[in-house]
Amino acid sequence: MTAPDQVSKFVRLSLSPNTRRAYLSDIDHFAGWGGVIPSSAETVARYLADCAGTLRIATLKRRLASITKAHAAIGAPTPVSDEIVRATLRGIRRSRSVPRKEAKPLLREELFAVLDGMGTATRDVRDRALLLIGFAGGFRRSELVGLDHADIEPVRQGIVIHLRRSKTDQAGEGRRVGIPHGRTRHGPVQALDRWITLSCRTRGPLFSPITRGGSVGAERLSGEAVSVIVKRRVAAVGIDPNSYSGHSLRAGFATSAAQIGVPSWKIRAQTGHASDAMLAHYIRIGEIFVENPAGILL
């Protein structure tokens, strides 16, 4: 293998397969529109303007990230940081003037209400473990369904979950997440133990689909299935499920922790957020009633 081939190989390995596919798809779209790499700031601004009517803001931002990555790959300066591109994106965002759609956090009290309403059937046991582990670990749904039995390490204080890869861990270094036994009637470790015992599985995916007859499948549960489970379980206790998704467990953990005054760095250590800035939104929601002056005055 030649030196250039080795460089190309390691560059490819620096990104997860999903991220690499997303970058390639974005660049293909840009090229199909008429863009080239390297490109000028004016061209990228025109691209944004032309796509403003058909693409979401989040998609446009991802396209810009992909264009930046493509320029970096050839050692060219990125046009994305130019003011004309940034101003164009700001203008598109303001023209939409609609609130950002986001998953509603499943808070601790709501989670407990959901768990109190669940039974003891196989599906209930699995869902209880999934909800509690997802909440206690502050996991993304992809992280939750990506867990294997081999990733669980029992320790005296509870369990350590070895997260092999996540959205912000492109290098695949992994991290360790501690899940304590808990002090309430809804202990996450106990719930997971029940599920593992009932499923009769000690290897492969930790969470699997369940057939109509109650049999546990061998394949891995999908990320979309987590959203379906969250929606179905909150609806069962009379909560409107429309604003909830698989992300509600992660958001609920961060928000609930902020409400009781857990420092942001401790929350971030559990959730794996890259910075306090990424957590700030959850913390603002969690602290909205903390020392609220209206509560003091009225």
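Predicted model: local features only at pLDDT ≥ 70, side-chain atom pairs only at ≥ 80, totals over all residues.
Reader: What makes the second largest pocket a pocket, and what is its volume?
Author: A pocket is an open set of grid points with protein on both sides within 12 Å along at least five of seven lines.

Reader: Which residues line the second largest pocket?
Author: The lining holds 24 residues. R108, F135, A136, F253 and I260 lie nearest the centre of the pocket.

Reader: Which helices and strands supply the lining of the second largest pocket?
Author: α6 (108–116), α7 (122–137), β3 (175–180), α11 (248–259) and α12 (264–271) each give at least two residues.

Reader: How many residues of that lining are nonpolar, polar or charged?
Author: The lining of the second largest pocket divides into 13 nonpolar, seven polar and four charged residues. Phe, Ala and Ile count as nonpolar and Arg as charged.

Reader: How do you know that the length of α11 fits a helix?
Author: The 12 residues of α11, at 1.5 Å a residue, should span 16 Å. The end C-alpha atoms of α11 are 16 Å apart, so the two values agree.

Reader: Why is α11 called mostly covered?
Author: Buried means under 20% relative accessible area. In α11, 11 of its 12 residues are buried. Among them are S248, R250, F253 and A258.

Reader: What comes after α11?
Author: α11 is followed by G261. The phi of G261 is positive, near 85°.

Reader: Why does T255 count as buried?
Author: T255 is found in helix α11. The relative accessibility of T255 is 1%. The cut-off is under 20%, so T255 counts as buried.

Reader: What lies 2.8 Å from a polar atom of the T255 side chain?
Author: The backbone oxygen of A251 does. An α-helix has 3.6 residues a turn, so residues three or four places apart point the same way.

Reader: Where is G137, and why is it called buried?
Author: G137 lies in helix α7. Its relative accessible area is 0%, so G137 falls under the 20% cut-off and is buried. G137 and F253 are 116 residues apart in sequence, with C-alpha atoms 8.0 Å apart in space.

Reader: What makes S66 buried, and which side chain does it contact?
Author: S66 has its place in helix α4 (residues 57–73). At 1% relative accessibility, S66 counts as buried. The side chain of S66 makes a polar contact with the side chain of D26, at 2.6 Å. The limit for a polar contact is 3.5 Å, so 2.6 Å falls within it.

Reader: Why is W265 called exposed?
Author: Exposed means over 50%. W265 reaches 54% relative accessibility, so it counts as exposed. W265 is found in helix α12. W265 and L279 are 14 residues apart in sequence and 9.4 Å apart in space, C-alpha to C-alpha.

Reader: How many disulfides are there, and by what rule?
Author: The count is zero. A disulfide needs a pair of cysteine sulfur atoms within 2.5 Å.

Reader: Are C51 and C200 buried or exposed?
Author: C51 has a relative accessible area of 5%, so C51 is buried. C200 has a relative accessible area of 67%, so C200 is exposed.

Reader: What makes the phi of C200 worth noting?
Author: Most residues other than glycine have a negative phi. C200 has a positive phi, near 60°, and is a residue other than glycine. C200 lies in the loop between α9 (188–199) and α10 (223–236).

Reader: How do you know which peptide bond is cis at P38?
Author: The bond joining I37 and P38 is cis, with omega about 5°. Most peptide bonds are trans. P38 is found in the loop between α2 (17–33) and α3 (41–51).

Technical notes
Residues numbered from 1 in each chain as written. Heavy atoms only, no water. 1 Å grid on protein atoms, 1.4 Å probe; cavity = no way out; pocket = protein on both sides within 12 Å on 5 of 7 lines; lining within 4 Å. Helix = DSSP H or I, 4+ residues; strand = E, 2+ residues; numbered from the N terminus. Expected span 1.5 Å × (residues − 1). Buried < 20%, exposed > 50% of the residue type's maximum accessible area, 1.4 Å probe, protein only. Polar contact = N/O pair within 3.5 Å; in protein donor to acceptor, adjacent residues only side chain to side chain.
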